[in-house]
Amino acid sequence: MAEKIKINQVALENDAMTLSGASAYFQEVALIPADGKTTLTANKNGQEVFEQSQQIIALFGKTMEQDVANIRSIGASFQEYDTMMSQLWENGCRYQTISAAE
């Protein structure tokens, strides 16, 4: 029987769920309390920078969710590849092999 790539599906799913749970914390939130009355430039700039930081945090969370999907996909791909290679190995060579004359 062919050597197999052993994918620990339980560990893979645990890691994916951990990342997925962590990504829930990276969501955009509003600035509370937000000062809408002050006309100082620093106030406006501070609010804009806070909003930009929140967008980056939300993007990080979305990226983590994409990583979760990639982790699950890679695990499935390895499993599929391992099954295919095992079947090829068990079926044997398709063509006769030629060896050098001794």
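User: Is Ser23 buried or exposed, and what is its relative accessible area?

Analyst: This is a predicted model, in which local features need pLDDT of at least 70, side-chain atom pairs count only at pLDDT 80 or more, and totals for chains, interfaces and linings use all residues. Residues are numbered from 1 along each chain as its sequence is written, and side-chain values use heavy atoms, with hydrogens and water left out. Buried means under 20% relative accessible area, exposed over 50% and partly exposed in between (1.4 Å probe, protein chains only). Ser23 is therefore buried, at 5%.

User: Which residue has a side chain joined to that of Ser23 by a polar contact?

Analyst: A polar contact is a pair of N or O atoms within 3.5 Å; within protein, one must be able to donate a hydrogen and the other to accept it, and residues adjacent in sequence count only if both atoms are side-chain atoms. The side chain of Ser23 has such a contact, of 2.5 Å, and the partner is Glu65.

User: Which residues does Gln54 touch, not counting residues up to four places away in sequence?

Analyst: Gln54 is buried, with a relative accessible area of 7%. Contact means heavy atoms within 4.5 Å. With residues up to four places away in sequence not counted, Gln54 touches Gln27, Glu28 and Val29.
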